[in-house]
Amino acid sequence: MPTQLARAELRRVAPQRPTTITIGVFDGVHRGHVALLRRVIDRAAANGSAAGVVTFHPHPQHVLRPDVPLSYLTSLEDRLSLLTEAGLEIVAPITFTSELSQTDAGDFVRLLVEELRLTELVTGPDFALGRQRGGDIATLRALGDELGFRVTVIDMVRDGGRNTEDDADAKISSSDIRDGLAAGDVARVNDLLGRRFSLHGPVVRGQERGRGIGFPTANIAVGPDQALPATGVYATLASLDGRLRPSATNIGVRPTFDDHPAITVECHILDYEAGLYGRDLRIDFVSRLRGEVKFEGVEALTSQLARDCRDARAAIAAAGDWP
């Protein structure tokens with residue numbers, strides 16, 4: 001049987017009319033996800049229901065295979081915001097627990113019918129839910145006939161950017177985006193997302209090495225499960241005071257100083273001197289400028305940082321993101 005927690009979470013967002021929904025994790029809310037969400041909205045408009053999404057957190061893999069590391073492209077807060085911005089009336093985050101993982105498909109969709117008045121379920125062709133993924137498309141259609149909802153299957157958005165013929169029509173996946181980040185291929189990541197990859201978090205105090213050499217940085221605290229681009233320097237746009245400002249962001253361990261083994265996210269905002277400690281800062285990634293390098297001394301480092309700033313400004317202007 002479905003857990004009472006899942007029932008309570010659905011009940012909190014239940015509308016006063018029937019719903020058309022889709023179900024999944026939707027980490028990253030990438031181009032493929034957005035196409036699916038648009039179809040949900042279109043179908044809801046056609047049948048006079050409320051458009052919605054049920055999204056699981058944590059990722060089922062964290063519960064089913066806790067030994068396998070997994071990072072997130074977006075925090076839960078950002079994911080919910082992106083789903084809402086897509087135009088959905090209902091965004092229902094469901095806590096994925098070990099109890100929920102043992103719920104069979106029939107019990108789960110009955111819960112959706114009872115709490116959300118499900119009238120149509122929109123999915124991709126390889127969708128399945130429930131214990132041991134027993135709720136495949138055929139099973140869901142049979143359940144729909146029994147419980148009074150329709151199942152609509154749509155084609156997935158394809159990624160034409162692969163290098164091999166076999167992969168040329170592979171569907172866009174969150175795993176591919178994580179792989180792109182690990183390679184530092186921000187251009188590809190942004191294409192798959194349909195927007196710039198971003199990080200945000202509070203600005204915390206660091207070693208203040210940058211300020212001492214004329215390049216003050218905002219040290220952004222991100223969660224330990226946040227997916228990060230490969231170490232190196234990136235052209236970025238910092239969202240501050242309602243506007244985007246050109247910036248250069250280093251992701252790495254500061255090898256020149258050998259004093260900080262943990263990976264940090266340090267953003268130098270061009271032409272900006274005000275303090276940022278305690279404020280929340282978002283940075284959008286435009287392109288990768290270079291890999292991480294250990295310099296012989298501070299003078300070599302500062303010379304390179306000056307070049308990084310010039311390169312960041314040029315990359316942002318070339319991307320059409322800055323005058």
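## A pair of strands to start from

Strands here are DSSP runs of E with at least two residues, and helices are DSSP runs of H or I with at least four, both numbered from the N terminus. Strand E4 (residues 118–123) runs parallel to E5, with 4 bridges between them; two strands count as paired if DSSP finds at least two bridges.

This is a predicted model, where local features need pLDDT of at least 70, side-chain atom pairs count only at pLDDT 80 or more, and totals for chains, interfaces and linings use all residues. Residues are numbered from 1 along each chain as its sequence is written, and side-chain values use heavy atoms, leaving out hydrogens and water.

## The open sheet

E4 and E5 belong to an open, parallel sheet of 5 strands, ordered E3-E2-E1-E4-E5. Strand E3 (90–95) and strand E5 (150–153) are at the edges with a single partner strand each, so one side of each has no neighbour in the sheet. From one strand to the next, the twist averages 25°.

Helix H7 (residues 137–147) lies across E4 and E5, at about 150° to E5. Such angles run from 0 to 180 degrees between N-to-C directions, using lines fitted to C-alpha atoms, for helices over the stretch in contact; contact means heavy atoms within 4.5 Å.

## The barrel

There's also a closed barrel of 6 strands, E6-E7-E10-E9-E8-E11, paired antiparallel. In it, strand E6 (residues 198–204) joins strand E7 (residues 218–220) through 2 bridges, and Val204 has Asn219 of E7 as its bridge partner.

Helix H11 (residues 298–318) lies across E8, strand E9 (243–252), strand E10 (264–269) and E11, at about 95° to E11.
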